[in-house]
Amino acid sequence: MRAYSASAEEAVHARELLKDWAGEDFLTAEQYQRMQQETGCNLRRTNIFLRLVLFLFTLIIVGAAAALFFVVFLGRPEMRTTGIWLLFFAAICYAATELAVSRARLYRYGIEEALAACSVGFLCAGIQAVLYSIYHYSIMSTGTGSLVPAAGAIAALWIWHRFGLPYAPLAAMIFVVWLPGYWTSSQPARHLIVAAIYAAGLLAVFALRPRHRFTFLNGEYAIAEALLWLGIYVIINLQLSALNLLGDWWGGVRGTGEFSRPFYWTTWAITWCLPPVILARGLRRKDRFVIAAGAIAATLTLATNKPYLGLERHTWDPMLLGILLVGVAFFTRRWLAGAPDGIRRGFTARRLSGKDKQWLSAGAATFGLVSPHMITPSPQAGTPGVKFGGGDSGGAGATSDF
Amino acid sequence: MAGGRGRNAIGEGGIVMDIVSRLDQWKEQGTISPEQHTLLAGLSRSEPFSLFLELNILLYAGILAFIGGLGWTVSTWSEQLGDVVVLVVLSALLATSFWYCFSRAPAWSAAESPSTGLALDYVLYLGCLVWSVELAYLENRFHLLPGQWDFYLLLTAGVFFFLAYRFDNRFVLSLALSSLAGWFGLTVSHWPSHQDAAYRQYAILYSLTVGGAGAALKRRGLKSHFFGTYLNIAANVLFWAVLSGVFQREGYAVWLVCLLAACGASLAWGITRRQFSFVAYAAVYGYVGVSAILIRDMHNDTAFLSYFFVTGVAMLVLLVLIARRYTREA
């Protein structure tokens with residue numbers, strides 16, 4: 001069912017590893033060249049920048065072509081006609097994706113990815129238009145409208161299964177968030193339904209992953225698992241998932257009226273239980289993405305605990321969080337470095353991948369530019385005293401609006 | 001695929017060799033030594049597993065959270081705490097950070113220095129951010145340079161450039177470049193509202209200065225690996241500035257010529273140096289600029305959509321040709 005042969009994808013995986021190792025000087029240039037020649041395959045790839053631009057222009061072409069078709073041939077069509085044609089475009093886009101993969105052998109090339117994304121988009125828009133033409137505004141009350149996100153989620157999962165695009169599970173998860181809105185108006189029930197669907201997905205990943213532990217598929221499953229863990233956490237953490245209330249997130253005390261007290265406090269307890277579970281699983285399986293999901297969940301738990309408890313936020317709270325994060329990092333590093341060869345229980349603080357160096361260099365250049373703007377807070381309304389902040393020009397806060 | 005630590009397995013494409021099997025083969029062929037085989041086979045199974053990236057991200061997030069809280073606390077509570085307390089605390093943090101860095105840093109080298117550990121980079125970053133907070137506080141409270149606070153930016157940029165080169169730190173280099181941008185009058189968050197001619201000139205001057213300085217320092221062999229950072233920032237600022245000229249209602253022709261010249265240079269640089277971010281800049285900025293002019297007076301839907309379809313296909317073909325010619329096959 002996979003669009004690419006296992007041998008080709010395994011060769012791509014091997015090439016990525018070789019590049020990593022060569023970047024860290026574990027291989028000489030001659031060794032790297034020779035080994036790379038022996039891991040060739042017939043897939044056509046490109047670098048990340050061209051991939052992004054190719055993705056963008058494919059979206060432009062498909063969008064313009066579809067719109068042009070409507071303008072030239074249909075004028076002002078009825079909703080049902082529009083929907084049927086959109087479904088037809090979805091089929092064409094999907095067929096084009098298959099062709100781009102099977103004939104042109106494109107692999108993470110941007111073009112086939114954009115075509116796949118368009119097929120999902122057209123599918124949802126088409127179903128929505130057809131349903132609306134039949135049920136009008138009652139699609140919300142009858143629950144039929146849930147067909148749209150359901151179809152989107154299934155299509156995204158199929159794209160993931162067929163082409164292995166790592167962000168497809170995220171798209172499926174986003175579609176799932178819209179599902180319960182058609183079924184119930186109860187906020188707790190909506191949270192529970194989404195969490196249950198994510199948990200089911202997680203169980204499926206648990207069942208499938210072990211057989212791919214050391215293959216090229218491990219990375220894809222790792223990303224899916226990390227996203228699902230994070231999705232469950234965000235849905236359970238009511239301080240994050242009540243998106244309509246995000247605006248007053250920093251306001252401190254939050255009303256709990258929309259949720260029953262047992263539900264509210266159960267979710268609070270789970271927000272404390274989930275991060276260690278995720279972290280433990282990630283560390284036990286040595287899974288970078290799951291560890292990252294656990295670390296993010298842990299940080300979010302610390303950051304949202306006060307609003308959860310209805311306590312007032314203090315200006316020094318971020319300082320305490322920062323000290324904790326830095327302390328954990330230094331302690332872990334020292335603990336690992338203290339072992340023979342700097343390796344303790346299979347973990348090390350040393351850099352072992354050329355990719356890590358590249359990520360850090362790119363991240364340092366990018367975040368070094370934007371971080372001063374992010375961290376300097378806006379002046380507090382009605383606060384006496386100085387009003388510096390903003391860091392508008394990015395000059396590390398020194399350029400604030402005095 | 002094979003389960004567990006399966007070596008060879010039958011896949012859809014026939015025999016599948018996983019990385020461990022390949023390493024075995026390369027060892028038998030003598031391509032890699034037994035020691036390399038042991039190391040690489042372990043790494044392919046995440047043995048040992050490196051937490052290097054995670055620890056760096058944790059430190060970076062921690063420093064940002066700390067400085068964010070520090071700035072917020074100082075701005076909120078300065079009157080209650082008093083100037084002396086605030087300045088003593090900030091100065092102590094600053095002095096301790098810089099003392100740590102200067103006392104632990106290895107001897108300076110013009111080439112890329114090997115990393116001396118996690119602490120130094122992030123303590124330096126902390127020190128630089130504390131410097132900024134303290135400088136902002138000083139000016140706000142004591143008005144040492146009333147109406148001329150841009151000099152603080154120049155001073156800050158100078159200090160950060162020195163520190164970036166002394167400690168070989170890209171974080172601090174980026175801070176220096178953004179401070180210098182501030183001095184030139186660039187304010188990232190003000191882009192949409194300040195597209196006047198003077199602003200554009202400053203932006204172009206900034207990008208030329210940064211690009212030229214980066215090239216000169218590279219030519220002199222001073223931290224040549226920083227050149228990519230200089231060039232990327234200079235290119236983006238230049239493109240934004242020129243694009244803002246193209247979007248003018250009048251006198252945009254000269255800016256269009258400048259944009260095309262910049263795109264040509266960026267494309268040539270990207271292809272010859274295999275730095276494809278510059279190819280992407282040329283494609284995106286060039287397309288946006290040229291399209292802005294061509295569709296400006298286009299009021300017919302069919303013509304408008306046809307334009308995007310035809311030019312989109314043309315761009316796609318061009319980019320695919322570049323990709324096929326210059327980038328990798330798998």
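Student: Where is B:Arg219 found?
Tutor: B:Arg219 belongs to helix α8 of chain B, residues 197-219. This is a predicted model.

Student: What makes B:Arg219 exposed?
Tutor: Count C-beta atoms. B:Arg219 has 10 others within 10 Å. Exposed means 12 or fewer, so B:Arg219 is exposed.

Student: How far apart are B:Arg219 and B:Ser46 in space?
Tutor: They are 40 Å apart, C-alpha to C-alpha. In sequence, 173 residues separate B:Arg219 and B:Ser46.

Student: Why is α5(A) called largely enclosed by the rest of the structure?
Tutor: Of its 25 residues, 20 are buried. Buried requires 20 or more other C-beta atoms within 10 Å. Therefore α5(A) counts as largely enclosed.

Student: How do you know how the span of helix α5 of chain A compares with the expected one?
Tutor: Take 1.5 Å a residue; 36 Å is expected. From first C-alpha to last, helix α5 (residues 111-135) reaches 36 Å.

Student: What follows α5(A)?
Tutor: A:His136, with a positive phi near 55°.

Student: Which residues have the most contacts inside the largest nonpolar core?
Tutor: A:Ala156, B:Ile63, B:Val172 and B:Leu319. That core has 182 residues. Helix α10 of chain A (residues 217-236) supplies its largest share, 15 residues. Another core, of six residues, lies apart from it, with A:Leu336 and B:Leu51 among them.

Student: What does B:Val172 touch?
Tutor: Leaving out residues up to four places away in sequence, its contacts are B:Leu124, B:Tyr125, B:Cys128, B:Phe160, B:Leu163 and B:Ala164.

Student: Where in chain A is confidence lowest and highest?
Tutor: Helix α6 (residues 139-142) is lowest, at a mean of 66. Helix α7 (residues 147-163) is highest, at 96. The chain's mean pLDDT is 85.

Student: What about residues 243-255 of chain A?
Tutor: Their pLDDT stays under 50, and the model gives them nine contacts beyond four places in sequence. Where pLDDT is low, predicted coordinates should not be read in detail.

Key:
Residues are numbered from 1 along each chain as its sequence is written. Chains are lettered from A and ligands numbered from 1 in the order in which they are written. This is a predicted model: local features need pLDDT of at least 70, side-chain atom pairs count only at pLDDT 80 or more; totals for chains, interfaces and linings use all residues. A nonpolar core is a set of buried Ala, Val, Leu, Ile, Met, Phe, Trp, Tyr and Cys residues joined through C-beta atoms within 7 Å. Helices (H or I, at least four residues) and strands (E, at least two) are DSSP runs, numbered from the N terminus. Two residues are in contact if their C-beta atoms, placed from the backbone, lie within 7 Å. pLDDT is the predictor's confidence in each residue, from 0 to 100. The expected span of a helix is 1.5 Å times one less than its number of residues.
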